[in-house]
Amino acid sequence: MLQLTDYDRALLEGERGPGAQMAMRIIVRMAGVFGAERLLDITAAHIDSTIFMGDATLEYAERLAGLGARVAVPSTTNVSGVDEHGWTEWPVPPDWAEKARRQMDAYRRMGCIPCFTCAPYQSEPRPAFGQQIAWGESNAIAFANSVLGARTERYPDLLDICAAITGRVPAAGLHLTENRAGQILIRLDGIPKALQADDSFYPVLGHLTGKLAGEHIPVIEGITVQATEDQLKALGAAAASSGAVALFHVVGVTPEAPTLEAALQGRAPLSSIAVGMPQLRAARLELTTAAGDGLDMVLLGSPHFSLAEFRQLAPLLVGQVRRPRVRFLVTTSRAVAALAERGGLLEPLRRFGGQITVDTCPLASPMLPPEIRTLMTNSAKYAYYAPGLLNTQVVYGSLADCVRSAAAGRVVRDERLWSD
Amino acid sequence: MQGRVLVAGEASAQLLYSDAPLSFWGGYDAATGEIIDRRHPLSGQIAAARVLAIPFTKGSSTTTAVFLEAVRAGAAPAAVLTATPDAFLSLASIVADEMYGRPVPVIALAAEDFASLAEGGIATIRGDGMVIVE
């Protein structure tokens, strides 16, 4: 039975206005779904509901804003449906752009921070270890829980904004210590250190992890190289695409997994799976759907490109130019784009013939010209969703492979780290 | 079989079953109800107005927005049966109720009951969570 506080009841009875009342009504109904006995306070939110999917998501945002709802905690915004100031460079239907901008405005009116990025942890204040938050966007959820050790349930679009408006969430799921124990043990076996240190390893490991874990919490044991934040970001984004992974532990790397015992909270795992090169090679093959070496576009930045990734990319571009028929797009946030510009990291991209999109990405905005049939990317998330959402073929490769391929005008991949 | 009511409602329609989880974002066309995840066993099937049985939703948290769009467009399933209490589908249905007064019944079944849906048939969902397949 759900116990409500005086504050909760006041919202539910409309004492803070009809917008907060509607948000609290949804939170309380969801507490029933979660089987929660109480609500708990959150200190921050990340709003994935900013993604424009059509009239319904716009009507929802404008309903809440129109009813006077305002966020009660600092609330960052996820990508929207349009690059607000750059959409005319692409064939985005004007009607779509107008509605997506209206939806951005509705979230601004509710007091959200207009950063419009799927990787708020790269430019906005980060939640601390143990902090209770309500984050949407699957990759951001995985990053906040796993890499930062903050605590969020896997909040879906439409619910995250209700949590932000009320400052309350059902006390359930990953907010509670006992639900954060690892459940599926993935033991890496015989993975060369050179591959572990390579960026192309983590999206593949993440893709496989998501498939093996499903909706359970995976624990990965056997990483012997210190992974970077961008590598962990890629791992989480991939696992949250192929599976419902909202929290993963990497023994010796992520903060709730100093040891295997700590990651499992002393319990036995539901299952233990050995993963070697054969499974990883198979997972890597799954991320490519295209046959042949034809290429129309290189697409980087899902999750949004970080400053560190721009630093990695810039030297690879120097002295090269893309083939005219291969477009080269990097998606990132306004804040990171501004920092990269100041750091001189965008000039090499422009000389190469590359473009930047902020606020959104081609998965959330209908911006790609129809002649784009084959994409190449270093992102498992782009690789996973492109065939269904964009109706394109896709090729997965490393960042260096992507640059080389754009310059060559056809898919070129360095297979040395992955071959027998 | 008796399920747990996550969002109450009544429906009766042909079952569309898979034991593979689905992301509605990138997996469900909100205008037509077609399953468009080309890696999913139900790829190409139309789930609109059918009783969709999937174990749980995976992947993107935008699944709920796609489901809400599908309700608005009249391309949502008639009901959803899952093997675990699925917060995404439940939330989407609750918001569909708030916005349009059109909740989609969402019922969680025990694992063995869910698996029995593989045989197909017409599923009738009652308001108390009773599911009858014939």
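**Figure 1. Helix α3 of chain A packs across helix α1 of chain B.** In this predicted model, the axes of helix α3 (residues 55-66) of chain A and α1(B) come within 8 Å and cross at roughly 105°. Angles from 65 to 115 degrees count as roughly perpendicular, and α3(A) and α1(B) are therefore roughly perpendicular to each other. On the side of α3(A), the contact is made by A:D55, A:A56, A:T57 and A:Y60, and these meet B:A65, B:L68, B:E69 and B:R72 of α1(B). By class, the residues of this contact divide into 4 nonpolar, 1 polar and 3 charged.

**Figure 2. The contact between chain A and chain B, with the side given by chain B.** The contact as a whole takes 35 residues from chain A and 33 residues from chain B. On the side of chain B that touches chain A, the elements that give two or more residues are α1 (63-73) and α2 (87-100) of chain B, and of these α2(B) gives the most, with 9 residues. This side of chain B has 16 nonpolar, 11 polar and 6 charged residues. As for confidence, the predictor gives the complex an ipTM of 0.95 and a pTM of 0.95, while chain B has a mean pLDDT of 96, with 100% of its residues reaching 70 or more.

**Figure 3. The largest nonpolar core and the surroundings of A:A45.** The largest nonpolar core holds 194 residues, and those that touch the most other members are A:A23, A:I27, A:A45, A:A142, A:A163, B:L68 and B:L81. Helix α2 (residues 18-34) of chain A supplies the largest share of this core, 10 residues. Once its neighbours within four places in sequence are left aside, A:A45 is in contact with A:V71, A:V73, A:S75, A:I133, A:A134, A:W135, A:D160, A:A163 and A:A164. B:L68, listed among the core members that touch the most others, also takes part in the contact of α1(B) with α3(A).

**Figure 4. B:A83 in a loop of chain B.** B:A83 is found in the loop between β4 (79-82) and α2 of chain B, and with 21 C-beta neighbours inside 10 Å it counts as buried, the cut-off being 20 or more. Although B:A83 and B:L109 are 26 residues apart along the chain, their C-alpha atoms are separated by 5.1 Å. Leaving aside neighbours within four places in sequence, B:A83 is in contact with B:L109 and also with B:P55, B:F56, B:A111 and B:F114.

**Figure 5. Helices α9 and α15 of chain A.** Helix α9 (residues 229-242) and helix α15 (residues 380-389) of chain A have axes that come within 8 Å and cross at roughly 25°. Angles under 35 degrees count as roughly parallel, and α9(A) and α15(A) are therefore roughly parallel to each other. From α9(A) the contact involves A:A234, A:A237, A:A238, A:S241 and A:S242, and from α15(A) it involves A:A380, A:K381, A:Y384 and A:Y385. The residues of this contact divide into 6 nonpolar, 2 polar and 1 charged.

Figure 6. The peptide bond from A:S302 to A:P303 is cis, with omega near -5°, and A:P303 has its place in the loop between β10 (297-300) and α12 (307-317) of chain A. A:E137, in the loop between β4 (134-135) and α5 (138-148) of chain A, has a positive phi of about 80° although it is not a glycine, and with 33 C-beta neighbours inside 10 Å A:E137 counts as buried. Phi is also positive, near 75°, at A:D359, a residue other than glycine. A:D359 is found in the loop between β12 (355-358) and β13 (374-377) of chain A, and counts as buried with 31 C-beta neighbours inside 10 Å.

Conventions: Residues are numbered from 1 along each chain as its sequence is written. Chains are lettered from A and ligands numbered from 1 in the order in which they are written. This is a predicted model: local features need pLDDT of at least 70, side-chain atom pairs count only at pLDDT 80 or more; totals for chains, interfaces and linings use all residues. Axes are lines fitted to C-alpha atoms, for helices over the stretch in contact, and angles run from 0 to 180 degrees between N-to-C directions. Helices (H or I, at least four residues) and strands (E, at least two) are DSSP runs, numbered from the N terminus. Angles under 35 degrees count as roughly parallel, over 145 as roughly antiparallel, 65 to 115 as roughly perpendicular and the rest as oblique. Two residues are in contact if their C-beta atoms, placed from the backbone, lie within 7 Å. Ala, Val, Leu, Ile, Met, Phe, Trp, Tyr, Cys and Pro count as nonpolar, Asp, Glu, Lys and Arg as charged, and the others, Gly among them, as polar. pLDDT is the predictor's confidence in each residue, from 0 to 100. A nonpolar core is a set of buried Ala, Val, Leu, Ile, Met, Phe, Trp, Tyr and Cys residues joined through C-beta atoms within 7 Å. A residue is buried if 20 or more other C-beta atoms lie within 10 Å of its own, exposed if 12 or fewer, and partly exposed in between; C-beta atoms are placed from the backbone.
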